Amino acid sequence: MKKFIFNILFFLFLLVFINALISLIVGKAYFKDYSEVSLNYNSYLLADSHGKALKDFINENGVFNFSCESDSYFDMLRKLRFLIRNTKVNRVILTVDDYTLSRYREIANNLDRSVVYTSPEDFDHKFDFIKDRYLKRYIFFFNPKSRDIMKAKITEKYKQKTGKKDYNKPWNELNEQEKLNLANFRAGSLFQDKYRSEDLVSALEKIISLCRSNKIELIGIKFPSSHYYYSLIRGKSFNADSLVKNKGFRVFDFTTIYRNNDDYFHDPDHLNEHGGKIFADTLLKSIQKQSW
Amino acid sequence: MLFNSLEFGTFLPLVFLLYWFVVNKNLKAQNVLLLLASYFFYGWWDWRFLLLLILISILNYFWGIMIDKNEIIRKRKIWFITGVIINIGILGVFKYYNFFIDSFIDLVSLIGYNLPKSTLKIILPLGISFYTFLSLSYIIDIYRKSLSANRNIIEVLLTLSFFPIILAGPIQRPSSLLTQIGEKRIFNYDQSVDGLRQILWGLFMKIALADNLAPYTDEFFPHFSDYSGSTLLLGAIFYAVQIYTDFSGYSNIAIGTAKLFGFKLMHNFNYPYFSKNIAEFWKKWHISLTTWFRDYLFLPISFAISWKIKKERVIFIKTDFFIYIMASILTWSLIGLWHGANYTFIIWGMIHGLFLIIYQWQSKPRKRLLKNLGIKNTHSLVVIIDTIVTLTIVLTAWIFFKADNVSHALNYLSAIFSRSIFAIPVFSRRSHAMLILFFVILFFIIEWTGREKEYALTDLELKWSKPLRWMFYFVIILGIYFLGNFNETIEFIYFQF
C-alpha cells in the first residue's frame, strides 16, 4: 500500500509540475485583465470582440465598456447578474450581431473566465460553483480553454520557427483577394452550423427578462462590418436582434454604416482603434438622439 | 455521477482512502462504506430514483430468502414468479409504458378509432435495465438452486447496487459478486495499478475518441438529407467507432474502478470489431448481456421447445435448427427491446438474429466448399473478406440503432447508396475529423497488438520499464487534454438504456 501511495503521490507531483508549466503560459495570456470592471457607472456595454474595439472611448460618456473577446450570452448573463448584485444599472447596451446565437459562439465562449463574476447562488449545486470557480481555474487539466490556448501558443511558436506567418498587414493594405479570403474564413467559422444554439437563446432570454424585472433599459446593437464580410453573411442571421425587438426593446443596426470605409477596420468584421473611436461617438449620439 | 466528471474524480479517491485506510480492518465496515458510497453515487443524479433502487433491492433480498427457504415446489414457484413479474413490471412501467401506449394508440387508429395521445411521460431511471437484470439473475439462480439466498442484507444490497456497475454494467452474476463481497479483501498493488491503468485507457476512449466523434454523428444522422452518400457512410463508421469507444471505455472504467477496491468483474468487450463472423462478434460485444440472455432465455427456451417437439423435422427444417431459429428470433427481439422502447432497437436485434441464423445455416456448406476449393479458413484473404462482411452487417445494424425511427434509418441507408457515395465527403470541421480519424486508427493498432489481453494495455509492466510506462501514461493524459471534447458533457450512450 505504501508503495502504491508513494507512486500515486509522485505521479501527481509530476502532474502538478506540468500544471504549473501550463499555468505560466495560460494564466498570463488568458485570465489576466478579465476581472477588471468599474462599478461607478450606470450604463454598461456587453459585447464580444466587436465591443472590445471601442476600448474606453465610451467610458467618458458614462458607459462602461464591459466587453471582452469571445464573450457569449452565457458570460454576459453572468456579468449582468454581477452588476445587478453590486451596483445600480440603468442601461445595458447589448450586442445582437447576426452570429451571436451561433453554435460557434456557444463553444467559443468565456465561461471559465466569467466565472469570476458568479456567486454560489448562480449555480444549481454548490459543488458546481467550487468546480467552475476554483478547480477549473487552478487545475488546467480540467479546463479545456487552457488546452486551446496551449495549442495556439504551440502553433504560433511553430510558425515563428518555420517562418510561416499569418497575415499581419493592416486590413486596408490587403489586396482584394486577401480581404475576400479573410472575410470568407471569418464568415465560414461563425456560420459553420446551420442551426442556432438553443442554450444561447435561453441565455439571451434570461438577459432580457432580468433587464425587464430590474427596470434596466436594454438596447440591442449590431456592430459595423466591412462590405466583404457583409456580402457573405447577408441573410444568414440567427436573429438575436428579433428576440430583443420582440420583447419591446430598441435595436440599432450599424452593420453597413462603414461599408465604404475600409480604413476603419482591423479585419473583416472588427473595427480598428480609429474606427472604434468614430463608432463610439456615433453609437452614443444615436442612442441619445433616440432617447430624446 | 458520470465517470468522466470532476465529481467522480473527487468521489473516487475519497472512497478509496476511506476504504483502505479507515475501515480496512473490518469487512462489514468496508461493505457498509461501499454500499453508502454506491447510494451516494447513484443518488447524486436523482435521490428519488435512489429510493426505487433501494426498494427493488430489498424486495429481491426477501424474495431470495422466500424462494430459498421454501421446500414446497409450488410455493417456491409462486415467490419466484412474483419476483420476476414485479421486477419486469417495474422495468416495463418505467422503460416501456410510453412505447406500448403509443403503439396501442397507433394500432387502434388503424382500425378507425382515434384515441388521445398519452401525455404522461415517464422518466427512465438511470441503470434500471442493468440492475433489474442483476436482480433477476439473483432470484433465478436461487430458484434454480445454483445459488443460496444470502441472509446478510448489506451484502445483497451491495451486490445489486455496487457503484462501478450500477449505471451501465457489466451485468455481473450475483454468485461471483456475492462471493467476493463476502470474502476479506486485501490490498493488491498490481491489481490496483492495473485498475488505474484501465481507468485511464477507458477515459481516453471516451473523452478523446467517442466524445469527439459524437458531434459528427449527431449532425449527420438528423440532417442526413444535407449530406452526400460518402459523408453518411463516414457518419455510420464514426457511429460504429463512437459506440464502441464509448461503451467499451465505460466498461474499462467500471472494471478498473472495481479493481481498486479488490474486485474482479466480468469483462464486457473482447475486441469485437476484429471478429470474422457475426457469431464471434456476439461473443465479444457486450459479453455480460449476451451471456445473460444466453443463460436465462435462449438456452431455457431451446430446451423447452426441444421437449415439446419430438419430430426430426419441422416444416422441412431439421428440428435442432428449427429450435435455434425460434429461440434466436425471440432472444434477439428481446435483446433489441432491452436497449430501448423503439422499433429501431427491435429491428437492430432482428438483423443480428437473422444473420446469426444465416451464419449457422451456411457454416457447414461453407466449410465443405472451402475444403473442395483447397482454401483454408484461416487464409488471410478469407479472413479479410469475412471481417469486412461482418463489419458491414454490424454497421448496417448500427444505423437502425442510432436512427430516431425506422423510416429515418431506411432513408439514411438509401441516402448512403446514392450516386454521391463516390463523392469526396464534405462537412464542417473536416480537418478536425481527419485528426480524430488518425487517432482512431492509432487506437485500433494498439487494440490489435493487445487483442489477446483483457484490455489493450494489460500487463504493460511485463513489456515496458517503469519510466517508459509512466511516459506513456503522461502521453495518454496529454492526449486526453489536447484531444478531448470538453465543450459539452456527453453522457455515456448506454446510460439511456
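User: Which residues does B:Ile139 touch, not counting residues up to four places away in sequence?

Analyst: First, a caution: this is a predicted model. B:Ile139 touches B:Asn60, B:Trp63, B:Gly64, B:Ile67, B:Phe80, B:Gly83 and B:Val84.

User: Which residues touch the most other members of the largest nonpolar core?

Analyst: Start with the general idea. In soluble globular proteins, nonpolar side chains tend to be buried together. Now the case here. The largest nonpolar core has 115 residues, and B:Ile139, B:Phe400 and B:Tyr412 touch the most other members. Helix H9 of chain B, residues 229–260, gives the most to this core: 15 residues. Both domain 1 (6–187) and domain 2 (191–496) of chain B contribute at least three residues each. A second, separate core holds 56 residues, including A:Leu94, A:Tyr99, A:Leu101 and A:Leu204.

User: How is chain B divided, and how far apart are the C-alpha centres of its domains?

Analyst: Chain B splits into domain 1 (6–187) and domain 2 (191–496). The C-alpha centres of these two domains of chain B lie 26 Å apart. Their contact takes 26 residues from domain 1 of chain B and 24 residues from domain 2 of chain B.

User: Which elements give two or more residues to the side of domain 1 of chain B that touches domain 2 of chain B?

Analyst: Four helices of chain B do: H1 (6–22), H4 (73–110), H5 (128–143) and H7 (174–182). By class, that side of domain 1 of chain B has 16 nonpolar, 7 polar and 3 charged residues.

User: Chain A has a sheet. What is its strand order, and is the pairing parallel or antiparallel?

Analyst: The general idea comes first. Strands of a sheet pair through backbone hydrogen bonds, either parallel or antiparallel. In chain A, 5 strands form an open sheet in the order S2-S1-S3-S4-S5, and the pairing is parallel. The edge strands are S2 and S5 (250–253) of chain A, each pairing on one side only. From one strand to the next, the twist averages 20°.

User: Which residues stand opposite each other in these strands?

Analyst: Take the pairs in turn. S1 (residues 43–46) and S2 (residues 63–65) of chain A pair in the parallel sense over 3 bridges. There, A:Leu45 stands opposite A:Asn65 in S2(A). S1(A) also joins S3 (residues 91–95) of chain A through 4 bridges, again parallel. The bridge partner of A:Ser43 in S3(A) is A:Arg91. Further along, 4 bridges join S4 (residues 217–222) of chain A to S5(A). In S5(A), A:Val251 is the bridge partner of A:Gly220.

User: Which helix packs on the sheet, touching S1 and S3 of chain A?

Analyst: Helix H3 of chain A, residues 73–86. The direction of helix H3 makes about 165° with that of S1(A).

User: Are the residues on the two faces of S1 of chain A buried or exposed?

Analyst: Here is how to read a strand. In a regular strand the side chains alternate between the two faces of the sheet. In S1 of chain A, A:Ser43 and A:Leu45 sit on one side, with A:Tyr44 and A:Leu46 on the other. All of these are buried, and both faces of S1(A) are covered.

Terms used: Residues are numbered from 1 along each chain as its sequence is written. Chains are lettered from A and ligands numbered from 1 in the order in which they are written. This is a predicted model: local features need pLDDT of at least 70, side-chain atom pairs count only at pLDDT 80 or more; totals for chains, interfaces and linings use all residues. Domain bounds come from an automatic or database domain assignment. Two residues are in contact if their C-beta atoms, placed from the backbone, lie within 7 Å. Ala, Val, Leu, Ile, Met, Phe, Trp, Tyr, Cys and Pro count as nonpolar, Asp, Glu, Lys and Arg as charged, and the others, Gly among them, as polar. A residue is buried if 20 or more other C-beta atoms lie within 10 Å of its own, exposed if 12 or fewer, and partly exposed in between; C-beta atoms are placed from the backbone. Two strands pair if DSSP finds at least two bridges between them. A nonpolar core is a set of buried Ala, Val, Leu, Ile, Met, Phe, Trp, Tyr and Cys residues joined through C-beta atoms within 7 Å. Axes are lines fitted to C-alpha atoms, for helices over the stretch in contact, and angles run from 0 to 180 degrees between N-to-C directions.
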